[in-house]
Amino acid sequence: MTTHLNGPNNIRPKKISNIRKARAPQSKNQSLDDEEPLSFASDIRQYLQCSTLHGLRYIAEKKLTWFERFFWLAAFSSSLICAGFFILNVYSKWRMSPMIVSINPENMPLHGLPFPAITICNVNQAKKSIAEGYQKYGNSIDKKLLQSVCTTRGDIELFEDDIAGSADWDYTRSFLINVTQPCQEMLALCNWDSEKMNCQDLFNAQLTDEGLCCTFNVVHRKMMFRNPRSLNDLNLTFPLPAVDWTPESGYPADSPMNGFPWRPRGTGTHHGLTLVLDANLAEYFCASTKSIGFKILLHNPTETPKLRNLGEIYGPGIEARVAIKPRILDANPSLQTIDIQKRLCLFSSEKELAFFRTYTIKNCEMECEARALLDVCNCVHYYMPKNKSTRICGKVDAKCYNNMSIVMPEGREVECEECLQACTEIAYVERVSSAPLRNFLVEEIATNAGNKSAEYFTENMLVVHFFFEDNTFLRFTKGEIFGLTEFLSNTGGLLGLCMGFSIMSAVELIYYLTLRALCMARRRPKHPFTN
């Protein structure tokens, strides 16, 4: 029995057991060797199985059939394409139409605005008594200038070469001042904020395309022009203290309430400007219109007025109320990051004009017209911006500037493409109501307006009130339709909706492509086979 247990048959299990024990570590080492040399495909599979993006783990799932995995691959690809399509639409909208105009929830208060500049011209181009004197006793130049003022014929037809050279600007300016009704005759009575004032303290004479006119509340010439001392213009006086107001920056924080340009004192006619204007019909010789009365234009205090085609006509013998409503357009400073060709407006710091300190589209176009005329005719019209060295067009230049007036509308589109709207602009819109004057109702005001008779007053005078109706006004603000933050939010929302994408999904992808790939490459053995 003992011999049987110690026989050869009993030795075999022990050897097998020893062999298994010897082989066990080798099998374990071999398993580790099989895991270490991971391929790129296995890295991709592991990423797909662990990714937070919806649907990717089904693509790498071995338990699914190839058809099921292809279905999830197609679904994910479709979601990716759909998200890309909508993101491209959002990006295109952001780049092509980056600006939106909206109503600003914060209204503009009345005291934050200047009272509009008001320019008034009598449509009578020449006083009859002066004109008849020129007809009887004037020289040939005076007679031609009078014809030029009073007819629609071109100057080239009126001025022959032998006398055109004598009708230079200095001579023409003296003629215009002499033949036109002066401001002290036209302005019979002026009330500002219910206080009677000297009209000469409120108005300045100004040469416009309509001739010699009278202007109220324009900014001081030092604030309007870059180099006012070089201007060849009329001598003007302005109330003090003058402040540097612009549509973009408004009134300086330290400016006094009575700073010039003046601000409205309140609402209603008693807080506005009341004028009594004398048309003096007996002195009518010729007019720029088919009617009698005045051309009146409300404009930005920083702009030079052009009344010939833009002024409103007011006839005498009526009392008119002009309710003023500002149209305010401003812009968020962040708009400067958008390309000018897309926002189509300019901030004052982005374009400097040669003569005007404040950029507006009307100032820009005025300079553009002057520059074009100067280039072609070597002179500018008397009402255009200029300096003392700039030659003002005389009648000798009639042929040139008459041709320019025909070409200018087309030329401006080519020459003045740089004149875009200002991003911040203030304009004034008027609503007019009127009623006829009656003799028995005007006796008192007729006496105050130069001891005029009631009959003369109702026939020749215009009573007009300029005033504001509201204390606050809507502002239309230009801004970005959405900025970078909104663009990223829209993009992230679309990616999250379609694929469950988030910032951590991007981090995850970067991790698998860089850090994990590098770490796994260092862990892999140099030799793919083991002993």
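**Close-up views of a predicted model**

**Overview of the fold.** Among the contacts in the protein with a separation of 6 or more, 73% are made by residues 24 or more positions apart. The model is predicted, and it contains 20 helices and 17 strands. Of the 531 residues in the protein, 44% are buried, while the accessible surface comes to about 29,800 Å², with 55% of that area belonging to carbon and sulfur atoms.

**The largest nonpolar core and the surroundings of F203.** In soluble globular proteins, nonpolar side chains tend to be buried together. The largest nonpolar core of this model has 77 residues, and the residues with the most contacts inside this core are F203, L273, I296 and F466. Helix α15 (residues 361–377) supplies the largest share of this core, namely 6 residues. A second, separate core consists of 18 residues, including L53, L56, L494 and M499. When residues up to four places away in sequence are not counted, F203 touches I118, I120, L187, C190, C214, T215, F216, L273 and L275.

**M186 in helix α11.** M186 lies in helix α11, which spans residues 183–186, and M186 counts as buried because its relative accessibility is 2%, where buried means under 20%. Leaving aside neighbours within four places in sequence, M186 is in contact with I120, C121, N122, Q181, C214, V276, L277, D278 and F294. One of these partners, C214, is 28 residues from M186 in sequence, and the C-alpha atoms of the two residues are 8.9 Å apart in space.

**The buried face of helix α10.** Helix α10 covers residues 169–179, and its buried residues are W169, T172, R173, F175, L176 and V179. Seen down the axis of α10, these buried residues fall within an arc of 160 degrees, so they line one face of the helix. The elements against which the buried residues of α10 pack are α6 (128–137), α7 (140–150) and β6 (203–208).

L474 counts as partly exposed because its relative accessibility is 44%, which falls between the 20% limit for buried residues and the 50% limit for exposed ones.

Note on methods:
Residues are numbered from 1 along each chain as its sequence is written. This is a predicted model: local features need pLDDT of at least 70, side-chain atom pairs count only at pLDDT 80 or more; totals for chains, interfaces and linings use all residues. Side-chain values use heavy atoms; hydrogens and water are left out. Buried means under 20% relative accessible area, exposed over 50%, partly exposed in between (1.4 Å probe, protein chains only). Helices (H or I, at least four residues) and strands (E, at least two) are DSSP runs, numbered from the N terminus. The arc is that of the directions from the helix axis to the C-beta atoms. Contact means heavy atoms within 4.5 Å. A nonpolar core is a set of buried Ala, Val, Leu, Ile, Met, Phe, Trp, Tyr and Cys residues joined through side-chain atoms within 4.5 Å. Accessible areas come from the Shrake-Rupley method with a 1.4 Å probe; for residues, only the protein chains shown count as cover.
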